[in-house]
Amino acid sequence: MLWLLLCLVDVLVASFEVIVPDEHLPAIRGRPAVLGCKFTPDPDLSHLVVTWQRSEDSKVVHSFYYQQDQLDRQSPEYHNRTSLFISELYKGNASLRIAAIRPKDAGQYLCIVSNAKGTGRALVKVTYGALYSEPRLSIHVNSSALTVQFETEGFPEPEVIWLDEHGQSLDQLELRNQTEDGLYFVKSSYEAQKPVVNVTFTLKNPLLNQNLQRLVFLRYDEDITTNQGTIAAVLSVFCVFLLIAVIWLVCKQTKWRSSRQCSL
């Protein structure tokens, strides 16, 4: 009889489980993150207790019992930033949403769930990352060379590559430091010794699968490289002509569409 009772207990315990779909979750700076957690549901929510806490220091991130949120013991850094999908609890969804991810949100989170069918827990590791901003291009000219430079910020440290027109790696000058808000500021440049520049700048953020690639192609007259104002003027005139050409093309297409609609 005792053996049968023990077997019955084992079956009941085995029938309850808590799982996380993604054990490692990359979270993006300033955006919400959803920490997935599923459990064996029970239609009666009166016995349901859901607790999310930090594994490192047991700080309470979010709690739910007595069929409502219980946030008296919630850690201050999560105030007004967390929520459960209440309407999904009866389906076994205990996922946690954290708004506006911050650097300190990185770490390990425990999803602990219990109901009339049992108790279980699962671990989610959150990694913090920030998408790198659009690289800002600048061109510097002196008497001996022309320097192409890009500046951008993000997190974590990126991989930066400069390639020539044949796909060969180029030497670069680079400055990296962390800003007050924890981002990496990257200033990367390539110094060209010839009048035709055809290079590709690539920055990779592997954590967030971000790949920024920018092609730089320009031709300059070595006789006027000592006059930065002349170079700037030449580039400005080129940009003006390019802008005029774009406006002309847009107007032409607009007139063509209007005439086509009238003919129809």
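Hi everyone. Let me begin with a term: strands here are DSSP runs of E, at least two residues long, numbered from the N terminus. One more thing before we look around: this is a predicted model.

Let's start with a hairpin. Strands S12 and S13 form it, with 4 residues between them. S12 covers residues 136-141 and S13 covers residues 146-154; the two run antiparallel, joined by 6 bridges.

How many aromatic pairs does a search of the whole structure find? The search gives 8. Take Tyr128 and Phe155: their ring centres are 5.4 Å apart and their planes sit at 50 degrees, so this pair counts as tilted. It links distant parts of the chain, since Tyr128 is in strand S11 while Phe155 is in the loop between S13 and strand S14, 27 residues apart. Both Tyr128 and Phe155 are buried.

There is also a cluster to look for: Phe150, Trp162, Tyr190 and Phe201 are linked by ring pairs. And for a ring with a charge, see Tyr109, where the charged end of Arg54 sits over the ring, 4.7 Å from its centre.

Last stop, Thr202, which you'll find in strand S17, residues 196-205. Is Thr202 buried or exposed? It is buried, because its relative accessible area is 5%, and the cut-off for buried is under 20%. Its side chain makes a polar contact with the side chain of Gln213, at 3.3 Å. Beyond its sequence neighbours up to four places away, Thr202 touches Glu159, Val160, Ile161, Asn211, Leu212 and Gln213.

Notes: Residues numbered from 1 in each chain as written. Predicted model: local features only at pLDDT ≥ 70, side-chain atom pairs only at ≥ 80, totals over all residues. Heavy atoms only, no water. Pairing = 2+ DSSP bridges. Buried < 20%, exposed > 50% of the residue type's maximum accessible area, 1.4 Å probe, protein only. Polar contact = N/O pair within 3.5 Å; in protein donor to acceptor, adjacent residues only side chain to side chain. Contact = heavy atoms within 4.5 Å. Phe/Tyr/Trp six-rings, centres within 6.5 Å; stacked < 30°, edge-to-face > 60°. Lys NZ or Arg CZ within 6 Å of the ring centre and 35° of its normal.
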